[in-house]
Amino acid sequence: MHLNRRHTLVLLQSVLALWGGPAAAGASCVTAAVSVAVSPARAWAILSDFSVAHLYVPDLTRTEIISAQSRGVGAHRRVYQGEDDYLEETIIEWRDGQGFVIKLHNGEEVMTPFTRAQFSYSLQAAPAGGTAVELSMIAQMPWGKFGETLGDWFVTPVIEDTLVQVAAGLKSFYETGKAATDDDRERLAKQVSVVVDGPACEVFR
């Protein structure tokens with residue numbers, strides 16, 4: 001998953017530069033849910049392929065696995081936006097057949113400007129058939145109460161919008177096998193539901 005830093009974080013970085021010293025922080029956590037018309041086994045087969053993020057996440061151009069392993073805890077990839085701009089993602093929790101959690105980072109550092117940035121994929125059989133997919137992201141700001149307020153004002157809305165686009169693209173790709181387009185995401189976005197700090201966020205606790 002790739003948060004579009006070009007469109008969202010420049011203002012945050014500029015504001016944070018005016019403040020001096022980290023403190024305890026609040027966190028923004030958002031979950032997007034969508035139903036996908038494929039079996040849980042098929043959904044897991046696609047999800048566990050760590051090389052296909054660019055086929056459904058908006059603005060990504062390619063995915064490169066840079067670890068020796070391509071699945072399970074420790075699998076590490078770069079997701080590119082353009083030719084050279086990339087974000088690193090590493091699996092830190094693996095639930096075989098059900099999902100996994102990744103951390104978002106650049107080298108040894110958490111994705112700027114956060115002190116914690118993680119993303120969860122979760123699958124389960126849908127009551128009406130197919131697969132229920134939940135995508136959750138937690139982003140923790142520095143700067144104590146001020147950072148928490150910035151998160152509420154700026155970060156949470158951006159995460160909501162990003163997750164809707166990712167979930168809609170995922171639905172299109174899983175159901176058709178073809179790379180999702182912006183038109184696909186726009187068409188399917190209404191089928192995505194979003195919850196802030198819902199039960200799915202417990203995976204990050």
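Visitor: What makes Cys 29 and Cys 201 buried or exposed?

Guide: Both Cys 29 and Cys 201 are buried. The term buried means under 20% relative accessible area, exposed means over 50%, and partly exposed lies in between, with a 1.4 Å probe and protein chains only. The model is a predicted one, in which local features need pLDDT of at least 70 and side-chain atom pairs count only at pLDDT 80 or more, while totals for chains, interfaces and linings use all residues. Residues are numbered from 1 along each chain as its sequence is written, and side-chain values use heavy atoms, with hydrogens and water left out.

Visitor: Why is the link of Cys 29 and Cys 201 called a disulfide?

Guide: A disulfide is defined as a pair of cysteine sulfur atoms within 2.5 Å. The sulfur atoms of Cys 29 and Cys 201 are 2.1 Å apart, and the two residues therefore form a disulfide. The pair links distant parts of the chain, 172 residues apart: Cys 29 belongs to strand β1 (residues 27–36), and Cys 201 to the segment after β9 (193–196). Helices (H or I, at least four residues) and strands (E, at least two) are DSSP runs, numbered from the N terminus. The angle about the S-S bond is -100°, and the link of Cys 29 and Cys 201 is left-handed. A search of the whole structure finds one disulfide.

Visitor: How do you know that Glu 175 and Lys 171 meet in a salt bridge?

Guide: The criterion is a side-chain nitrogen of Lys or Arg within 4 Å of a carboxyl oxygen of Asp or Glu. For Glu 175 and Lys 171 the N to O distance is 2.8 Å, so the pair counts as a salt bridge. The two residues are four apart in helix α4 (residues 144–176), and are therefore separated by about one helical turn. Glu 175 is partly exposed at 33% relative accessibility, whereas Lys 171 is buried at 7%.

Visitor: What separates Asp 182 and Arg 185 in helix α5, and how do their accessibilities read?

Guide: Asp 182 and Arg 185 are three residues apart in helix α5 (residues 182–188), which means a separation of about one helical turn. Their closest N and O atoms are 3.0 Å apart, and they form a salt bridge. Asp 182 is exposed, because its relative accessible area is 56%; Arg 185 is buried at 5%.

Visitor: How many aromatic pairs does a search of the whole structure find?

Guide: The search finds nine aromatic pairs. Among them is that of Trp 44 and Trp 94, with 5.1 Å centre to centre and 65° between the planes, which is edge-to-face. Rings of Phe, Tyr and Trp (its six-membered ring) pair if their centres lie within 6.5 Å; planes under 30 degrees apart count as stacked, over 60 as edge-to-face and the rest as tilted. The pair links Trp 44 in helix α3 (residues 40–47) with Trp 94 in strand β4 (residues 85–95), 50 residues apart.

Visitor: Why is the pair of Trp 94 and Phe 100 called stacked?

Guide: The ring centres of Trp 94 and Phe 100 are 5.4 Å apart and the planes stand at 10°, so the pair is stacked. Phe 100 is buried at 1% relative accessibility. Ring pairs link Trp 44, Phe 50, Trp 94, Phe 100, Phe 119 and Tyr 121 into a cluster.

Visitor: How do you know that the buried residues of α3 line one face of the helix?

Guide: In α3, Ala 43, Trp 44, Ile 46 and Leu 47 are buried. Seen down the axis of α3, the buried residues fall within an arc of 160°, so they line one face; the arc is that of the directions from the helix axis to the C-beta atoms.

Visitor: Why is strand β3 described as largely enclosed?

Guide: Five of the six residues of β3 (residues 76–81) are buried, so the strand is largely enclosed by the rest of the structure.
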